[in-house]
Amino acid sequence: MWKNTLRNKRFWLGFIISCLGLWVALRGVRFEEVAKVLAEVPWAAAVGFGLVAFGANAVRSYRWKIGIGCFAPVSFKNVFSAFQIGIFGLNVIPARVGEYLRVYVLAKNSSLSQSSILATVVFERIIDGLTILTIFAMAMMFIGGGLQSDSVLGGGRTVFIWLVLAIFIACLVFLYASWRRPAPMI
């Protein structure tokens, strides 16, 4: 197995890129200061945070698996690994490339097309946006006496919430129109 791997040009390209990335990331780092900081880390809290993050990603992966299930059954293992690779890409690569990375990885490991997987990611983002908008609107309603407050921000807050809601609904209408009529709208 290692003989074939060591002969593979993509392996060596990835290895060289990884080494260059590590060199750029660790350039100028004082390792004795890193050791001092690591000695002060509350490891129980760090492990707890890691477990909570792992659990949250497992739940989000399962939610994504349910969305993908309308196209074809896919194993949780494939969905979870693609999701984790996507999270890595979101944290390391700019321009939200991690979203496309998870689509690419899942398409390679399943019989689904990239476009159907991308549709589930877009749908997830719409649901996430609606959830965040709802939480934001509720927070704005309850902070400072609500929308009907006599405060200076009361009227401006109402206009802002309705404006954000109108923009979001316009985006949903555009996405629905694009879905119903996928031909160019020119």
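Helix α5 gives the lining of the largest cavity its largest share, 4 residues. Some ground rules on that. This is a predicted model, where local features need pLDDT of at least 70, side-chain atom pairs count only at pLDDT 80 or more, and totals for chains, interfaces and linings use all residues. Residues are numbered from 1 along each chain as its sequence is written, and side-chain values use heavy atoms, with hydrogens and water left out.

Now the terms. Helices are DSSP runs of H or I, at least four residues, numbered from the N terminus. A cavity is a set of points, on a 1 Å grid over the protein atoms alone, where a 1.4 Å probe fits but cannot get out. Lining residues have an atom within 4 Å of a point. A volume is the space filled by probe spheres set on the points, which are joined across faces, edges and corners.

Back to the cavity. The count is 1 cavity of 30 Å³ or more. The volume of the largest cavity is about 40 Å³. Its lining includes Phe83, Gly86, Arg102 and Arg125. Both α5 and α6 supply at least two lining residues each.

On to the second largest pocket. A pocket is an open set with protein on both sides within 12 Å along at least five of seven lines. This one holds about 180 Å³ of space. Helices α4 (43–68) and α7 (114–142) each supply at least two of its lining residues. The largest share, 6 residues, comes from α7. Among the lining residues are Arg63, Trp64, Phe123, Glu124 and Asp128.

Last, Arg63. It lies in helix α4. Is Arg63 buried, exposed or partly exposed? Partly exposed, at a relative accessible area of 36%, where that class runs between the buried limit and the exposed one, over 50%. Neighbours within four places in sequence aside, Arg63 is in contact (heavy atoms within 4.5 Å) with Glu124 and Asp128.

Key
Buried means under 20% relative accessible area, exposed over 50%, partly exposed in between (1.4 Å probe, protein chains only).
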